[in-house]
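Hello,

Here is the structure we talked about handing over. Please open it first, then read the notes below.

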Amino acid sequence: MINILMCTYNGEKYLSQQLDSIMNQTYKEFCLYIRDDGSTDTTLQISRQYSRRFPNKIKIINSISHLGYPDCFWDILAKCDNADYYAFSDQDDIWDEHKLEYAALMMDRSDNTKPLLYIHDSYISDSKGDKIGIHKLTDAGHITDTRIMFYTIAQGFSMVINDAMRKSVLKEEVFSKDLSHDQWMIWNAFFKGSIVYDDHVLANYRRHENTVTKTAGGTVVMLSNWITNEIFGDEFHRQCNRLITFLNYSKNYMSVEQKADWELLLYTNPSIKNYFKRLFFWKRLRPSVGGELALRINFLLGMK
């Protein structure tokens, strides 16, 4: 059984298309949970219309407050019924009809006694749904303990987790707007379980006009965004706080070398020696040149 977890907020424009793609899945053992986060348009009415059409497939979780991202996903993960697997869904993407089928096949063949994360490749589309690119998760390079610190190798819409993962993260009680569910799943799976990568392209990831412009502008635009958000903004500081939170929860699952790398890169023990070791850390930490350069500038400035 797979529980699909969808959070909605003012998504009337694209919601029906995504719901249709979910209802058309070749794998039928699923239940879609929808938590509306206080929409002021017709989003909730659309969801209720579908739940009446598919009463055994869709459940609406009542919400009394606007939680925002990612708290809405943490809330729905805690409140849904138990299942074997849990898939996260955006409100405006389009799923390939085989998405759940392939996820179930690969996860059934894996060790489900430990936290398990399934991820897959996806198309990138503009606001009209036209494909403008493809996101191959292998572009991130080989997954290592340092590669997952400052770069999110996969987004929530491409993730399916098992029940062991759900129990693990709910037990940790780390729910917060500063702790996105997709990053937390990646870190948990890497150190406490395993990550299953599927190279099938199984979703059409819709990027809206402003986001598409930012991601399609090349290295110069990407570098500008990194500088704006991380060097002159607070995103790098917030990410370090997230990583420190996870480190405090998970030290016992790390090797001596992994723990040392994380403590060095998070600059938990400031010193002149550690400053230069961190600045000239020999491993590549981000796949893009702009992202890596922005990160090294933060190290140069001694930020954390």
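**Helix packing**

Helix α3 (residues 71-79) and helix α5 (residues 163-172) cross at roughly 115°, and their axes come within 11 Å. The crossing is left-handed. On the α3 side, the contact uses Trp74, Leu77, Ala78 and Lys79. On the α5 side, Arg166, Val169 and Leu170 take part. By class, that contact has 5 nonpolar residues, 2 charged ones and no polar ones.

The second pair is α6 (residues 181-192) with α9 (residues 235-250). Here the angle is about 35°, with the axes 11 Å apart. This crossing is right-handed. Helix α6 brings Gln183, Trp184, Trp187, Asn188, Phe191 and Lys192 to the contact. Helix α9 brings Gln239, Arg242, Leu243, Thr245, Phe246, Tyr249 and Ser250. The residues of this contact divide into 6 nonpolar, 5 polar and 2 charged.

**Confidence**

Bear in mind that this is a predicted model. The mean pLDDT of the protein chain is 90, and 92% of the residues reach 70 or more. Residues 210-218 have a pLDDT below 50. Beyond near neighbours in sequence, that stretch has 10 contacts in the model. Where pLDDT is low, the predicted coordinates should not be read in detail.

**Salt bridges**

The count comes to 15 salt bridges. Side chains of opposite charge can pair when their charged atoms come close.

Asp75 and Lys79 form a salt bridge, 3.3 Å from N to O. Both sit in helix α3, 4 residues apart, so about one helical turn separates them. Asp75 counts as buried because its relative accessibility is 17%, under the 20% limit. Lys79 is partly exposed, at 47% relative accessibility. The pair also belongs to a network of salt bridges that links Arg35, Asp37, Asp75 and Lys79. Lys79 is also one of the α3 residues in the contact with α5.

Arg296 and Glu292 meet in a salt bridge too, at 2.9 Å from N to O. They are 4 residues apart in helix α12, so the separation is again about one helical turn. Arg296 and Glu292 are both buried.

Which parts of the chain does the pair Asp261 and Lys283 link? First, the bridge itself: the closest N and O atoms of Asp261 and Lys283 are 3.4 Å apart. Asp261 is in helix α10 (residues 256-265). Lys283 is in the loop between α11 (272-279) and α12 (289-300). The two residues are 22 apart, and the pair links distant parts of the chain. Asp261 is buried, with a relative accessible area of 16%. Lys283 is partly exposed, at 22%.

**Backbone points to check**

Most residues other than glycine have a negative phi, and most peptide bonds are trans. The following entries depart from that.

- Tyr69 and Pro70 are joined by a cis peptide bond, with omega about 0°. Pro70 lies in the loop between β3 (58-61) and α3.
- Glu173 has a phi near 50°, a positive value in a residue other than glycine. Its place is in the loop between α5 and α6. Glu173 counts as exposed because its relative accessibility is 62%, over the 50% limit.
- Tyr267 has a positive phi of about 55° and is not a glycine. Tyr267 is found in the loop between α10 and α11. Tyr267 is buried, at 9% relative accessibility.

**Two individual residues**

Is His181 buried or exposed? His181 counts as buried, at 3% relative accessibility. This residue is in helix α6. Leaving out residues up to four places away in sequence, His181 touches Tyr69, Pro70, Phe73, Trp74, Phe88 and Gly156. Tyr69 and Pro70 are the two residues of the cis peptide bond. Trp74 is part of the α3 contact with α5.

Gly129 is in the loop between β6 (116-125) and β7 (131-135). It is buried, with a relative accessible area of 18%. The C-alpha atoms of Gly129 and Ile94 are separated by 8.4 Å, and the two residues are 35 apart along the chain.

Best regards

Terms used. Residues numbered from 1 in each chain as written. Predicted model: local features only at pLDDT ≥ 70, side-chain atom pairs only at ≥ 80, totals over all residues. Heavy atoms only, no water. Axes fitted to C-alpha atoms, helices over the stretch in contact; angles between N-to-C directions. Left-handed = near helix turned anticlockwise from the far one by under 90°. Contact = heavy atoms within 4.5 Å. Nonpolar A, V, L, I, M, F, W, Y, C, P; charged D, E, K, R; others polar. pLDDT = per-residue confidence, 0-100. Salt bridge = Lys/Arg side-chain N within 4 Å of Asp/Glu carboxyl O. Buried < 20%, exposed > 50% of the residue type's maximum accessible area, 1.4 Å probe, protein only.
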